[in-house]
Amino acid sequence: AFLLCALGARSAWEQASEMSRSEIRKVDKAASKITIKHGEIKNLDMPPMTMVFQARDPALLEKAKAGDKVRFSAELKDGAYIVTAVEAAP
């Protein structure tokens with residue numbers, strides 16, 4: 001049972017660390033929200049679409065601007081989609 005739990009935790013961590021290629025459409029720093037046109041988000045089982053995310057840390061939005069090509073990770077917490085990391089796309 002311990003081995004199965006350890007493998008399950010590792011799998012969840014790997015999924016959470018995946019980043020989706022995307023383009024920022026809008027940044028609302030006052031509300032800590034960002035609109036992103038994104039590819040598939042595997043850890044959320046979400047197909048490509050454009051949607052609004054909350055930012056876990058408002059500092060993630062400081063350098064973000066509409067039109068930026070980025071990679072990001074997100075999670076579902078308490079019914080809200082939260083951006084947990086954003087970085088410039090290579």
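# Close-up views of the model

**View 1. Asp 45 sits in the loop between strand 2 and strand 3.** Strands are DSSP runs of E with at least two residues, and helices are DSSP runs of H or I with at least four residues, both numbered from the N terminus. This is a predicted model in which local features need pLDDT of at least 70 and side-chain atom pairs count only at pLDDT 80 or more, while totals for chains, interfaces and linings use all residues. Residues are numbered from 1 along each chain as its sequence is written, and side-chain values use heavy atoms, with hydrogens and water left out. Asp 45 is not a glycine, yet its phi is positive, about 50°. Most residues other than glycine have a negative phi. Asp 45 is exposed, at a relative accessible area of 69%. Exposed means over 50% relative accessible area, buried means under 20%, and partly exposed is in between (1.4 Å probe, protein chains only).

**View 2. Ser 32 lies in the loop between strand 1 (20-28) and strand 2 (33-38).** Its phi is also positive, near 55°, and Ser 32 is not a glycine. Is Ser 32 buried or exposed? With a relative accessible area of 15%, Ser 32 is buried. Leaving aside residues up to four places away in sequence, Ser 32 touches Phe 53, Gln 54, Ala 55, Pro 58 and Leu 61. A contact here means heavy atoms within 4.5 Å.

View 3. Two strands pair if DSSP finds at least two bridges between them. Strands of a sheet pair through backbone hydrogen bonds, either parallel or antiparallel. Strand 1 and strand 2 run antiparallel and are joined by six bridges. Glu 23 has Lys 37 in strand 2 as its bridge partner.

View 4. A pair of aromatic rings is described by the distance of the centres and the angle of the planes. Rings of Phe, Tyr and Trp (its six-membered ring) pair if their centres lie within 6.5 Å; planes under 30 degrees apart count as stacked, over 60 as edge-to-face and the rest as tilted. How many aromatic pairs does a search of the whole structure find? It finds two. Phe 53 and Phe 72 are edge-to-face, 5.2 Å centre to centre, with 70° between the planes. Phe 53 belongs to strand 3 (residues 49-55) and Phe 72 to strand 4 (residues 69-77), so this pair ties together parts 19 residues apart in sequence. Both Phe 53 and Phe 72 are buried. Phe 53 and Tyr 81 are also edge-to-face, 6.5 Å centre to centre, with 80° between the planes. Tyr 81 is in strand 5 (residues 80-88) and Phe 53 in strand 3, so this pair ties together parts 28 residues apart in sequence. Phe 53 counts as buried because its relative accessibility is 1%. Tyr 81 is partly exposed, at 28% relative accessible area. The ring pairs link Phe 53, Phe 72 and Tyr 81 into a cluster.

View 5. Side chains of opposite charge can pair when their charged atoms come close. A salt bridge is a side-chain nitrogen of Lys or Arg within 4 Å of a carboxyl oxygen of Asp or Glu. A search of the whole structure finds five salt bridges. Arg 25 forms one with Glu 23, their closest N and O atoms being 3.7 Å apart. Arg 25 is partly exposed, at 41% relative accessibility. Lys 69 also meets Glu 23 in a salt bridge (2.7 Å, N to O). This pair links distant parts of the chain, with Lys 69 in strand 4 and Glu 23 in strand 1, 46 residues apart. Lys 69 is exposed, with a relative accessible area of 53%. Arg 71 and Glu 87 meet in a salt bridge (2.7 Å, N to O). Arg 71 is in strand 4 and Glu 87 in strand 5, 16 residues apart. Arg 71 is partly exposed at 26% relative accessible area, and Glu 87 is partly exposed at 33%. Salt bridges with shared partners join Glu 23, Arg 25 and Lys 69 into one network.

**View 6. Confidence along the chain.** pLDDT is the predictor's confidence in each residue, from 0 to 100. The protein chain has a mean pLDDT of 82, and 80% of its residues reach 70 or more. Among its elements, strand 2 has the highest mean pLDDT (96) and helix 1 (residues 2-17) the lowest (42). Over residues 1-16, pLDDT stays under 50, and the model has three contacts beyond four places in sequence for this stretch. Where pLDDT is low, the predicted coordinates should not be read in detail.
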